[in-house]
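My notes follow the structure.

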Amino acid sequence: MQPTRPTEHSRRNVRFLALPLILAGCIASKSDVTVLQQDIMLVRAEAAQSDSARRQEIQRVMRSMQSLTDSVSAVATRLTRMRTDMQGRFSAIEDDTRRLQEIAGQSQARMQELRAAVESRTSAPPSSASPSAGAPAVVPGPNQLYQLGRDQLLRGSTAAARTAFEDLLARYPESDVAAEAQFYIGETHAAEGNVQEADQAYARVASAYPRSPRAATATYKRAVAAEGARRTREARQLYNEVISKFPRSDEAALARDRLRDLQ
Amino acid sequence: MIGRAIANGIIAVALACVLPQIAGAQQRPEPPRGVRIGLSYGAGVKPGIIVMPVEAVPGDSVRTIIQRDLDFGDRVTVIALDSAALRGLTPSAGRRFNYALFARLGAAAIVRIAPVAGGYRAEVHDVTGKALLQSGVFMVESARLSADWRMEIHGMADEVERWVTGTRGMSRSRVLFVRGSDVWIVDSDGASQRQLTRGALTLSPAWHPNGRTIAYSRYGEAGTRIELHDLETGARRVVRATPEGLNITPAFSPDGQSLAWATAREGGTEIVFASLANLALARRVTVGRGSDNTSPSFSPDGRRIAFMSGRAGQPEVYISDADGTNVQLLTEFTYGGTSYRASPAWSPDGRLIAYQATAGGFQIMILSLRDRAVKQLTSEGVNEDPSWAPDGRHLVFTSSRSGVRQLWVIDTESGRLRQLTHAAGARLSDWSPHLAPSLSSETNAANSPD
């Protein structure tokens with residue numbers, strides 16, 4: 001049993017040596033904790049600083065975003081206002097255009113009357129007049145003939161009106177009022193109830209003067225007459241012709257209505 | 001003998017009273033000798049007419065109506081002489097008038113009316129030609145002094161006017177108008193005024209050419225719709241083609257086959273047509289592009305319409321073909337101007353269009369279609385909604401000149417005015433065509449409206 005004594009002794013020594021070590025260990029841990037705490041605080045401070053900077057950055061970005069949104073909104077408002085303004089201006093321009101068209105139309109009518117008046121005062125003798133024929137015959141001008149035809153038509157003298165218009169076309173086929181004269185020849189036939197002759201005269205307006213606004217009117221009238229005579233297919237074709245060739249005309253608007261009713 | 005002496009004395013007194021007044025008429029130059037037909041008129045002088053007393057009951061009423069109708073016609077001057085004095089100048093059977101004496105009284109024509117079985121015989125004597133000019137028998141079937149009896153006497157007066165002047169008178173006609181919210185009717189001379197509708201707001205009455213049917217805009221749960229009203233039976237029917245909303249200012253075509261009116265569409269008001277044979281289908285005839293287009297009025301041949309449109313900004317009067325083409329601005333357009341023109345009415349002879357225009361308040365204008373010359377007819381008060389009489393010479397319109405709105409009639413040639421209605425608030429008048437001889441049951445319908 002003797003050999004156990006050194007073991008106890010050695011155990012005592014170990015305890016003796018371990019105690020300072022433990023004590024030393026305890027002392028080192030405390031400072032470490034302090035350091036650690038300092039580190040943590042430092043880290044926290046840094047994090048807080050970082051957070052603050054980030055928050056500021058975010059706030060800055062948000063302010064920028066807000067500013068940007070406000071700008072976009074302002075631009076949108078301005079655009080809307082501009083669009084409304086433009087629409088208003090376009091509408092005003094359209095109204096002005098319409099008024100100008102009315103004035104132009106009225107002025108044209110007046111000009112027509114003035115031209116007729118001037119022609120009636122300055123009518124020249126015909127170039128083919130025989131010198132031996134005595135007093136030279138007076139040749140009316142195109143506007144004079146046109147005015148004469150319109151006056152006769154207004155009075156209900158359709159045959160006299162037609163004679164004036166036909167005379168105009170025979171003498172002055174290139175006149176500014178030739179398309180009008182051809183159209184009113186159709187009107188004289190229509191007033192007399194001669195549907196077929198009216199249709200032919202109107203067809204001549206569209207074929208001989210396709211660019212004249214009267215072409216739309218004449219074609220539309222042909223379509224209405226065809227519809228009235230129950231020639232529905234022909235009526236549809238003529239209404240469609242008005243719409244395709246003169247899409248912005250009043251006749252096209254009326255033709256669309258008629259086509260809708262025919263379906 | 002004593003009676004004859006008294007009669008001669010009366011004649012002498014009458015001549016003494018009248019001769020100074022007709023001195024001007026006696027100084028007219030003698031007409032050129034030669035072959036001629038009808039009466040001779042001096043330039044700008046209306047022929048004088050003497051209507052002889054009517055020897056029947058109610059002769060005084062007949063004579064008064066005839067005299068007033070001729071006077072309202074504005075084509076002759078009625079020389080109003082006392083019946084007692086004129087009775088002495090009436091020739092006995094088989095004898096002639098003392099034309100020389102009547103010529104000295106200023107008469108160019110003598111009208112004599114005598115009762116015959118079932119009516120009256122009317123004669124017009126040419127004083128200058130010293131002969132009977134024309135005569136005819138007029139059957140009068142209605143109860144004496146009734147509204148229809150008066151119409152029949154008016155018809156006789158119109159024929160007499162035609163014999164004398166060549167133009168038929170307009171007294172056998174009636175005028176529709178609105179008072180309050182109801183349609184009323186009155187004879188052309190202001191008599192027999194009566195109410196036709198009751199209850200709902202009715203506007204814009206218009207005559208059918210047959211003088212029996214009328215149309216108007218009537219307010220109901222579905223807005224204002226167009227209704228047709230038969231004056232003989234009192235029957236009414238709604239025009240099916242009028243949609244819910246606004247439907248106003250109806251007008252019949254002269255052939256009586258179609259009806260036009262203004263209907264609200266797509267932000268504006270357009271004029272549409274419907275055949276009376278198919279009132280379910282209405283077709284647009286104006287292209288207003290959002291503007292208001294109302295008040296259609298047909299030309300006498302039915303091939304054109306005049307209407308009011310705001311397509312150029314302010315309302316103006318336009319004319320177009322009845323199919324909607326060939327649109328022309330009729331009234332003078334002033335760029336930037338604020339005045340406007342509305343309520344066109346095409347004259348029965350087709351030469352003129354009457355309308356209202358702002359000229360110090362609304363005034364009545366007429367425009368000649370031939371030369372576009374405009375004539376202002378009124379200047380006092382506010383004057384609106386002209387409508388032509390069937391003679392193409394007179395207009396009925398609404399005027400505030402008496403302080404309240406009333407119907408007045410103006411002679412477009414002379415400007416002579418007469419007041420047609422006397423109770424307050426009459427407006428939106430429409431003058432009938434010449435009414436057909438047989439309208440005996442119209443009164444019944446008129447007296448039992450709705």
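I began with strand 18 (residues 304-309) of chain B and strand 19 (residues 316-321) of chain B, which run antiparallel and are joined by six bridges; this is a predicted model. Looking up one facing pair, I found Ala306(B) opposite Ile319(B) of strand 19.

I then placed these strands in their sheet, which is open, has four strands in the order 17-18-19-20 (chain B) and is paired antiparallel. At its edges I noted strand 17 (293-298) and strand 20 (328-329) of chain B, each of which pairs on one side only.

Next I turned to strand 26 (residues 394-399) of chain B and asked which of its neighbours run alongside. Strand 25 (residues 383-388) of chain B pairs with strand 26 in the antiparallel sense over four bridges, and Asn383(B) has Ser399(B) as its bridge partner. Strand 27 (residues 406-411) of chain B is also antiparallel to strand 26, with six bridges joining the two, and here I found Val396(B) opposite Val409(B).

Last, is strand 26 of chain B mostly covered or mostly open? Six of its six residues are buried, with His394(B), Val396(B) and Thr398(B) on one side and Leu395(B), Phe397(B) and Ser399(B) on the other, so I recorded both faces as covered.

Key:
Residues are numbered from 1 along each chain as its sequence is written. Chains are lettered from A and ligands numbered from 1 in the order in which they are written. This is a predicted model: local features need pLDDT of at least 70, side-chain atom pairs count only at pLDDT 80 or more; totals for chains, interfaces and linings use all residues. Two strands pair if DSSP finds at least two bridges between them. A residue is buried if 20 or more other C-beta atoms lie within 10 Å of its own, exposed if 12 or fewer, and partly exposed in between; C-beta atoms are placed from the backbone.
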